[in-house]
Amino acid sequence: MADLASVGMHGMQTSGNNVRNITTDQWAGVATDEIEDPRVWAEVIRQHVTLHPEFSFMPRKFKIAVGASAHDRAALRIHDMALRLHRNGAGEAGFEVMVGGGLGRTPFLAKTIKPFLPQRDVLSYVEAVLRTYNQFGRRDNAWKARIKILVHDLGVEAFAKQVEAEWQSVKDGALALDPAVFAEIAARFRYPAYERLEDGPPALAQARRADRRFDSWMGNAVANHKVPGYAIVTLSLKPQGGTPGDATAEQMQAIADLAERYSYGEIRVGHEQNLVLPHVAQRDLAALWRALDALGLATPNVGLVSDIIACPGLDYCSLANARSIPVAQEIASRFRNLDVARDLGRLHINISGCINACGHHHVGHIGILGVEKNDEEFYQITIGGRADEDARLGALIGPAVRYAEVADVVEDIVAAYLELRERPQETFPQVVERTGIEPFKERVYAAR
Ligand code: SF4
């Protein structure tokens, strides 16, 4: 902890029944579709709730996420509380407040209790939600103690009413946000001294034309940046045959060097288990790609079928019922042809080795959950889940299947999707939404 502190990091409230670390979008501050940098708001809230005496022993842990973009990259609706910054009809920025999301054995998506909260009220409202949860959340049963159960049991309207009453009593007091305090925190988020660069330099287009592999990586792993001439680069930690989300110490050292050289020293982590270099000059993309390719970190499969989220499962986790990693590896090997994967478009497979759902299986387009039956590993398969701005929980397609069958089942589901989709742009979750699970179920179980 002392070593972490020496580089400005801490582990406060990373355990216990308190507010855990506040998360946000891995593209925060550089995304073209955000209306403000959400990290500043995450930090304003963090400073308020860290070591807050009233919230150091709540019924259970409490996770908050903040987003500020049209496209949700922070999985907002699977958090205990989420704040989405947006503009109202008058053009003012404020928060949509959602509560009661979470996965695990009782999954729920967070529900909106306040469509538009003025920015000055963010601390008082967070406080009102935490107080309401602290007062009414169950403490007699750890499995029923999260806010999602309270919101479900009380009903979202009744919960919102309690929060509102509490909020009215505190909103105009000391918790109204002081603009000077906000400005002081915002000033600590320093942006790199970006150069004035040409957007879309001709040399980049030339390099893309000259090398098909570079072109395919550009189309997959590189996103537009707020600042002209720069790009956001995602490093896939899902190489063919690798363990999803793993990087070796040597790779991490090399990534740190590349970040120093090409991304103003900054590396971020996303919940999809990939890394991001947020500030890469477009003129450097070809050189960066060559370096990443040599390290095995330039697989152009970000967001594709082989970009699988998998928890450690039975290989490492003492709570597991079943293996996750080899399942992910087998599925990825079935879809190693990147042309096929590209044709499928975005397709998220999420795998958890037990009901705790660390692999977010409920919100995978295809979700895979390891269960144990008579000392044997079985897997329940859900489809149609998603963790973005149209978040949904996946639906179970039928009885659990054996370890050896999982990759075959995934292939059947993907084959059904290809037959059912009406145009190439219709994504997997859109097809499931339109057709329901029946055609997928038939395909999978008729064959068995
Ligand atoms: S989902 Fe279960 S098996 Fe996987 S890491 Fe979490 S607790 Fe372990």
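**Ground rules.** I worked with a predicted model, where local features need pLDDT of at least 70, side-chain atom pairs count only at pLDDT 80 or more, and totals for chains, interfaces and linings use all residues. Residues are numbered from 1 along each chain as its sequence is written, and side-chain values use heavy atoms, without hydrogens and water.

**Sheet.** I looked up an open, antiparallel sheet of 4 strands, ordered β6-β7-β9-β8. Strands here are DSSP runs of E with at least two residues; helices are runs of H or I with at least four, and both are numbered from the N terminus. Two strands pair if DSSP finds at least two bridges between them. β6 (222-224) and β8 (268-269) are the edges; each has a single partner strand, so one side of each lacks a neighbour in the sheet. I then checked β7 (residues 230-235) and β9 (residues 275-281), which are joined by 5 bridges. Val-233 sits opposite Leu-277 in β9.

**Salt bridges.** I counted a side-chain nitrogen of Lys or Arg within 4 Å of a carboxyl oxygen of Asp or Glu. The total is 40 salt bridges. In one of them, Arg-73 meets Asp-25, with the closest N and O atoms 2.9 Å apart. Arg-73 is in the β2-β3 loop and Asp-25 in the β1-α2 loop, so the pair ties together parts 48 residues apart in sequence. For burial I used relative accessible area: buried is under 20%, exposed over 50%, partly exposed in between (1.4 Å probe, protein chains only). Arg-73 is buried at 9%, and Asp-25 is buried at 5%.
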